Amino acid sequence: MKIQLPDTQGVLHPYQLTGTPVTPSKLTENSARVLYSAAHVVSDPFGDHDPTGPAKVDWNKTMEFRHYLAGMGMGIAEAMDTAQRGMGLDWNGALELIRRTKEELPDALVANGCGTDHLDPADARDLDDVRRAYLEQVDAIQAVGGRLILMASRALARVAQSPEDYITIYSDVLNACDQPVILHWLGDMFDPQLAGYWGSDNFADTLDTVVQIIEANVAKVDGIKISLLDADKEVQLRRRLPEGVKMYTGDDFNYPELIEGDEQGHSHALLGIFDPLAPAAAYAVSKLSEGDTRSFRDTLDPTVPLARHIFRAPTQYYKTGVVFLAWLNGFQDHFIMLNGAQSTRSLPYFTDCFKMADGCGLLRDPDLAVERMGAMLKLYGV
């Protein structure tokens, strides 16, 4: 199958599709690694809304995608930044998403983003404001039976004066959690407002602070996700975690080697890239569970260039590539995003996404993908 694709000068060249769609596998409770996909939401293109107003979500398509992930045995990291949390999806929308997923998939492996995003950082005066905001979301999510991912707080980054402030807030919030949570260490490449999180710009100092928080609250911590796009930093933290506390890689650049691990340990995964890569991730880990490390790497290693492309700087706009591939794969009928975020990447970016996804076997219906890529090109005047 062929399609004419433009180069960066707008000159068309024939492209021959070569990929064979990956056949999804079913993960089980006994799989070698725990995988969470941070799942996107589907915008309702018929809603009368603009980027400054509340999100209009197509709940049917959004839930269909979650059923698809759960059908492969994938965990769902709900209401995270992949769902445009804080970039189009507000707290009320996030809570509705959490409630619907719990209602429709009561037995699925789901952990839900809990933060302070209903508190404008500019309105946060002190630690008490941040504590109240965290506890409000803790209570609301636990009231519907949800498990928690304790997200980083823009408000806390604004008002905290020292590492001790982070230690105090996290200890207070963890004390209110009724099940062990996943902590979320999100770097400022994903959210510039989180610069200096944990009370320092020095990694060694922040590492000590995070380890101190976990060790003091070990019964309340299932694991920690670290998203710094730096494999060495993740491994440093992984080797200092108390026994029984999981490392969930959030490194969308180096996930194959981190999930495989080494003689001293391995990472599980909580990744935005495992939204479009879900079938490849499930197949790879099923092979790892069989002891077939070669097939695991042969499946995931070729996906890394696509992941690095999707998450290229400015990294916070990676969601656009994720939703573009969801559209190509028929998980939604349009390429419209909350906050108009479909406009945050260029046509050459989309063209490369298409070719790389094909090469990885991630276009599940090549005919449909070619048809939709053709529609995208026409929209851009090709």
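**A loop residue and what lies beyond**

Author: Gln84 sits in the loop between β4 (75-78) and α2 (91-104). The model is predicted. The phi of Gln84 is near 65°, a positive value in a residue that is not glycine. Most residues other than glycine have a negative phi. Is Gln84 buried or exposed? Its relative accessibility is 3%, so Gln84 counts as buried, the limit for that class being under 20%.

Leu229 makes a second case. Its phi is positive as well, about 55°, although Leu229 is not a glycine. This residue lies in the loop between β8 and α7 (231-238). Leu229 has 17% relative accessibility and therefore counts as buried.

One more backbone feature belongs here. Most peptide bonds are trans. The bond that joins Ala313 and Pro314 is cis, with omega at about -5°. Pro314 lies in the loop between α11 (304-310) and α12 (318-328).

Arg100 has a relative accessible area of 23%, so it is partly exposed. Glu96 is also at 23% relative accessibility and counts as partly exposed. The pair does not stand alone. Glu96, Arg99, Arg100 and Glu103 are linked in a network of salt bridges.

How many salt bridges does a search of the whole structure find? The count is 19. Side chains of opposite charge can pair when their charged atoms come close. Two further pairs join parts that are separated in sequence.

Arg154 forms a salt bridge with Asp191, and the closest N and O atoms are 2.7 Å apart. This pair links distant parts of the chain, 37 residues apart. Arg154 is in helix α4 (residues 154-159). Asp191 is in the loop between β7 (181-186) and α6 (203-216). Arg154 is partly exposed, with a relative accessible area of 26%. Asp191 is buried, with a relative accessible area of 10%.

The next pair is Arg240 and Asp208, whose side chains meet in a salt bridge of 2.9 Å, N to O. Arg240 lies in the loop between α7 and β9 (246-249), and Asp208 in helix α6, so the pair ties together parts that are 32 residues apart in sequence. Arg240, at 36% relative accessibility, counts as partly exposed. Asp208 is partly exposed too, with a relative accessible area of 38%.

Now the empty space. Rolling a probe the size of a water molecule over the atoms shows where such space is left. A search of the whole structure finds 1 cavity of 30 Å³ or more. About 60 Å³ of space lies in this largest cavity. Its lining is made of 14 residues, and the closest to its centre are Asp81, Lys225, Asp252, Gly272 and Tyr318. Which elements give two or more residues to the lining? They are β8 (221-227) and β10 (268-271). By class, the lining of the cavity has 7 nonpolar, 4 polar and 3 charged residues.

Sorted by class, the lining of the second largest pocket has 7 nonpolar, 4 polar and 3 charged residues.

Last, the surface. Which residues form a nonpolar patch there? They are Leu12, Leu379, Tyr380 and Val382, with about 400 Å² of accessible area together. Leu12 is found in strand β2 (residues 12-16). At 41% relative accessibility, this leucine counts as partly exposed.

Notes:
Residues are numbered from 1 along each chain as its sequence is written. This is a predicted model: local features need pLDDT of at least 70, side-chain atom pairs count only at pLDDT 80 or more; totals for chains, interfaces and linings use all residues. Side-chain values use heavy atoms; hydrogens and water are left out. Ala, Val, Leu, Ile, Met, Phe, Trp, Tyr, Cys and Pro count as nonpolar, Asp, Glu, Lys and Arg as charged, and the others, Gly among them, as polar. On a 1 Å grid over the protein atoms alone, a cavity is a set of points where a 1.4 Å probe fits but cannot get out, and a pocket is an open set with protein on both sides within 12 Å along at least five of seven lines; lining residues have an atom within 4 Å of a point. Grid points are joined across faces, edges and corners, and a volume is the space filled by probe spheres set on the points. Helices (H or I, at least four residues) and strands (E, at least two) are DSSP runs, numbered from the N terminus. Patches are made of residues with over 30% relative accessible area and no salt bridge: like charges are joined within 9 Å, nonpolar side chains (Val, Leu, Ile, Met, Phe, Trp, Tyr) within 5 Å. Accessible areas come from the Shrake-Rupley method with a 1.4 Å probe; for residues, only the protein chains shown count as cover. A salt bridge is a side-chain nitrogen of Lys or Arg within 4 Å of a carboxyl oxygen of Asp or Glu. Buried means under 20% relative accessible area, exposed over 50%, partly exposed in between (1.4 Å probe, protein chains only).
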